[in-house]
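Colleague: I've just opened this one and I'm new to it. Could you walk me through it?

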Amino acid sequence: MEIIILPTGADVARAAADAIEEQVRSGPSVLGLATGSTPLGTYQELIERHRNYGLSFTNARAFLLDEYLGLPATHPQSYHSVIRKEFTDSVDLGSDAVHGLNGVAADPAAEALRYEASIEAAGGVDIQILGIGTDGHVGFNEPMSSLASRTRIKTLTRQTRKDNARFFENPADVPDHVLTQGLGTIRQARHLLLLAVGATKAQALAAAVEGPVAAVCPASALQLHPHVTVLVDSAAASKLAHRDYYQDTFGRKPQWQGL
Ligand code: GLP
C-alpha cells in the first residue's frame, strides 16, 4: 500500500482525479465508481477537466460498487441516479457505458451473478475508487464480510444506516439491504484508490491500513492487493501511527514513478 497524506480534501480530490485522468488518457478504460460524499470532489475535478482541458470519457466504461435493494434506478437516492447526477451526466460517459446493479431485480442472487459476469466480460476494472465507512466497510461490505466475498446481498449495520440517513427524507427510508461487489470482486480491480477525508474516518482508516487483516475491518482486505493507493487528508490520517514514515516516503518519491 502506498499511503499519501495531503493537507486537505481538495488535494485528495485532485490527486485522485490525476490518477483517473492518467488511466483514461492511456486508452480504453474500465472505471470502478463509488458513491458517498468522499469522491464528490474527485468527480467535480474530472468534470472540470472534461469541460476545460479536453478530458474525454468516450473510451471509458464504468461499473458501480453497490446499490440499495428495493430502490429502482429512477429513485433519486439509488446509486444509479446519484452517480448520474454527481458525475456521469456531466461528462461524455453515455448511460449505456455506466453499469450498476439492479436494486429491484426479481432474483437478486441471479442479478449478482450477472453483474460479476459483466465486469469480467468488460475485461475487469482498471482503476477502482473506494471510500471507507466509519465501521471500515468498503462498497457495502460490512464488518465480518468474507475477505473472499463476491457480489451478493448484505444487510446494513445500524451505524451505516444512520450514517447514510442524511441522504434520505426520513431515516426510516434507508433500505436495510443492499447488493454490493464483494471484497474478492473489488480486489480483482487492477489499481485501487482508497480515499478518506475528515476526522470521522481516522479510526477506520488506521484499522484498515495498520491493523491486522481481519473481517471485522473489511477495508483491511485491501492489504492483500498488490497495487493500492491510499489518499487521505491530514484529519483522516490523524490516527495513523506511522504518519511520519508515509510523509517522508512520499516526499522522497522519484517523480517518474507515478501512482
Ligand atoms: C457508503 C457507500 C460506500 C462509501 C461509504 C462512505 O455507504 N456504500 O461506497 O464509501 O459509505 O461514505 P461517505 O464517503 O459518504 O463517507
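Colleague: What share of the residues in the protein chain is buried?

Modeller: Before the number, know that this is a predicted model, where local features need pLDDT of at least 70, side-chain atom pairs count only at pLDDT 80 or more, and totals for chains, interfaces and linings use all residues. Residues are numbered from 1 along each chain as its sequence is written, and side-chain values use heavy atoms, with hydrogens and water left out. Buried means under 20% relative accessible area, exposed over 50%, and partly exposed in between, with a 1.4 Å probe and protein chains only. Of the 259 residues in the protein chain, the buried share is 53%.

Colleague: How many helices and strands are there in the protein chain?

Modeller: Helices are DSSP runs of H or I with at least four residues, strands are E runs of at least two, and both are numbered from the N terminus. By that rule the protein chain has eight helices and 10 strands.

Colleague: What is the radius of gyration of the protein chain?

Modeller: That radius is taken over C-alpha atoms, and the globule rule is 2.2 Å times the number of residues to the power 0.38. For 259 residues the rule gives 18 Å, and the chain comes close to that, so it is as compact as a globular protein of that length. Along the principal axes, the C-alpha atoms fill a box of roughly 55 × 40 × 35 Å. The radius of gyration itself is 17 Å.

Colleague: What percentage of the contacts with a separation of 6 or more comes from residues 24 or more positions apart?

Modeller: A contact here means heavy atoms within 4.5 Å. Among the contacts in the protein chain with a separation of 6 or more, residues 24 or more positions apart account for 78%.

Colleague: Which residues of strand β6 are buried on its two faces?

Modeller: In a regular strand the side chains alternate between the two faces of the sheet. Strand β6 (residues 127-130) is covered on both faces. One side has Ile127 and Ile129, and the other has Gln128 and Leu130.

Colleague: What is the bridge partner of Ile129 in β9?

Modeller: Four bridges join β6 to strand β9 (residues 191-196), and they run parallel. Ile127 has His191 as its bridge partner in β9. For Ile129, the partner is Leu193.

Colleague: How many of the residues of β9 are buried?

Modeller: His191, Leu193 and Leu195 point one way, Leu192, Leu194 and Ala196 point the other way, and all are buried. On its way to the neighbouring pairing, β9 is joined to strand β10 (residues 228-233) by five bridges. The count of buried residues in β9 is six of six.

Colleague: Which elements do the buried residues of α3 pack against?

Modeller: The buried residues of α3 (79-86) are Tyr79, His80, Ser81, Val82 and Ile83. They pack against β2, α2 (40-53), β3, β4, β5 and α5 (158-164).

Colleague: Is Pro76 buried or exposed?

Modeller: Pro76 lies in the loop between β4 (66-68) and α3. Leaving out residues up to four places away in sequence, Pro76 touches Ser81 and Val82. Its relative accessible area is 58%, and the cut-off for exposed is over 50%, so Pro76 counts as exposed.

Colleague: And Ser78, is that buried or exposed?

Modeller: Ser78 is also in the loop between β4 and α3. Not counting residues up to four places away in sequence, Ser78 touches Glu67, Leu71, Pro72 and Ala73. Its relative accessibility is 0%, so Ser78 counts as buried.

Colleague: What is the phi of Met144?

Modeller: Met144 lies in the loop between β6 and β7 (152-155). At 56% relative accessibility, Met144 counts as exposed. Although Met144 is not a glycine, its phi is positive, at about 80°.

Notes: Pairing = 2+ DSSP bridges.
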